[in-house]
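Hello,

Here is the structure we talked about, for you to open alongside this message. My notes on it follow below.

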Amino acid sequence: MRFDIYIKNARIVDGTRSPWYRGGVGITDSKIRYVGSDLPEYAADAFEVIDAKDHIVAPGFIDVHTHSDFLLLRDPVMQSKLKQGVTTQGIGQCGISPAPISSEQVEKLDIYSGFIKAGTHADWNWRSFGEWLDVLEDLNLGTNIVAFAGQGTIRIAVMGFDNREPSSDEMAEMKKLVSESIEQGAYGITSGLVYPPGVYSSTEELVELCSAMTSKNGLYQSHMRNEGRDVVKGVEEIIHIAEENRMPAQISHHKALGRSAWGLVKKTLALVEDARKRGVDVTVDQYPYTSASTTLRAILPPWVHEGGVMNVIERLADKSLRSRIIKEIEEDVTWDNYYQNSGGASGVTVIYSPQTPEYEGKSLKEIAEMTGVDPLDIAMDIIAANKGDDAACYSMMCEDDVEYVLKNNNVMVISDSIPPAPGAKSHPRTFGTNPRVLGKYVRDKHCISLEDAIWKMTAFPASRLGLQFKGILREGMDADIVIFDPDTVDDKATFEHPFEEPVGIEYVIVNGVKTMEFGNFTGHTNGKVLRKG
Ligand SMILES: [Zn+2]
């Protein structure tokens, strides 16, 4: 057999959790044509030989949960993913997707998408989900793309930011958008139940909306209503939605957020296990960090968000309302208070505030010292000045919980990467997730085995999404492959230096095309938009 590419001297971790074995891998066109004994004649005949040098050869990593949607318009190659070994990424998470759109609500969707737009100018010249996928298809994509439709996006298309129940006509319209989106290639829908308008949706509304997917086997992924001390309730809600509809669901970026919640992951993962035992198809994903990242305005009490960002800004401009808000953040413990749960001003780091770039990368404590203004007062000023374009990191999880969740068999690895705007800082997970699991948690801390870690990044997400030709190194599968050195692989991104590239990832092949070589981009891309069949 004469292969386009033959990988010799491989230690193969095939994605199935089988222990690694020595061998060779042959690729022709976009497919894996051979996996087996390392035969010198194959190396002699191949058009190109890659010497893996006894390093690990694994399926390309699948990162189901990213917020790369708009970033792809500006940076379709996305070396930040390729350099981690990621060959397929999921977009449209946490309720936010760029489609489907209703023409009357474009402005609201533009505001809603603010914190994942990352300074990208979107011309919004698509409407349906299929048209959005067509836009992506025209790009020189570095990775494959799996897209979800956001429940928030769909609700905005039909109801704007209204805080009320949908009428039966509106519900019918939203269900139509769900089923059309899936017919046009979406893998399911996602919700972000802490952000308006998702926060206005009742459990019953979500059950009803998701029922539009059941015949199409779409996946429901949710950034749950509660991730803090009521995280158990959040898990109960998603299990209920999956159970009522007899449909697959996945808990997004699972964690126990805030000191008052630490340890509750033992209870939540037991609930997931119990649900699975009685036939509920529910799974979990996680990013390997103790810091969370979302909007800066997430520090505001829930009532302040009502009506959307412009209303938030009006409220912050009202002096008496502002002092009430600050007092509640400082003293109130009846809601998931991000400020208190981060341990106060030093635990909240502003990473994106384009109108006030001087504060990016600094904690509220540092900004207060710079400006002489109280930390919460300056936080309000930053939120008001940036009109919805704001992001922050919150130091809210504990290491024991991160490891406990990572060890669980129902949990896959994701990044939840939120792209930084040009010049802004970012959560280190954007550049570090997969190498961090392989370095810190596999090699250094022995938290999980190498084979389990790779399974959580390959075959497990592939089967969850129904990607029949990805996630396993086997003949006939798509040639998405990563080669890395298990002794050196590591993340280097930190809060101070979030763009430091990981080390140890040597080759990345996407659909048969060598896209990374010796850790560098080759200039050749072959990512595809995958549409749910
Ligand atoms: Zn989220």
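A donor here is an N, O or S atom within 2.8 Å of the metal. Please keep in mind that this is a predicted model.

The zinc ion has as its protein donors Cys-94 (SG), His-223 (ND1) and His-253 (NE2), at 2.0 to 2.2 Å. Along the chain, the spacing of these donors is C-x128-H-x29-H. Cys-94 sits in the loop between β7 (86-91) and α4 (106-112), while His-253 sits in the loop between β12 (249-251) and α11 (265-277), so the pair ties together parts that are 159 residues apart in sequence. Cys-94 is buried, with a relative accessible area of 3%, and His-253 is buried at 1%.

Next, Gln-250, which belongs to strand β12. Gln-250 is buried, with a relative accessible area of 0%. Beyond its neighbours within four places in sequence, Gln-250 is in contact with several residues, including Tyr-220, Ser-222, Asp-285 and Arg-464. Thr-283 is also among these contacts, and the side chains of Gln-250 and Thr-283 make a polar contact at 2.7 Å.

Last, helix α12 (residues 309-317). Its buried residues are Val-309, Val-312, Ile-313, Arg-315 and Leu-316. Seen down the axis of α12, they fall within an arc of 160 degrees, so they line one face of the helix. An α-helix has 3.6 residues a turn, so residues three or four places apart point the same way. The buried residues of α12 pack against α4, α13 (319-331) and α16 (375-386). On the other side of α12, Glu-314 and Ala-317 are exposed.

Regards

Technical notes. Residues are numbered from 1 along each chain as its sequence is written. This is a predicted model: local features need pLDDT of at least 70, side-chain atom pairs count only at pLDDT 80 or more; totals for chains, interfaces and linings use all residues. Side-chain values use heavy atoms; hydrogens and water are left out. Donors are N, O and S atoms within 2.8 Å of the metal (3.2 Å for Na, K and Ca); water is not among the atoms, so sites may look incomplete. Helices (H or I, at least four residues) and strands (E, at least two) are DSSP runs, numbered from the N terminus. Buried means under 20% relative accessible area, exposed over 50%, partly exposed in between (1.4 Å probe, protein chains only). The arc is that of the directions from the helix axis to the C-beta atoms. Contact means heavy atoms within 4.5 Å. A polar contact is a pair of N or O atoms within 3.5 Å; within protein, one must be able to donate a hydrogen and the other to accept it, and residues adjacent in sequence count only if both atoms are side-chain atoms.
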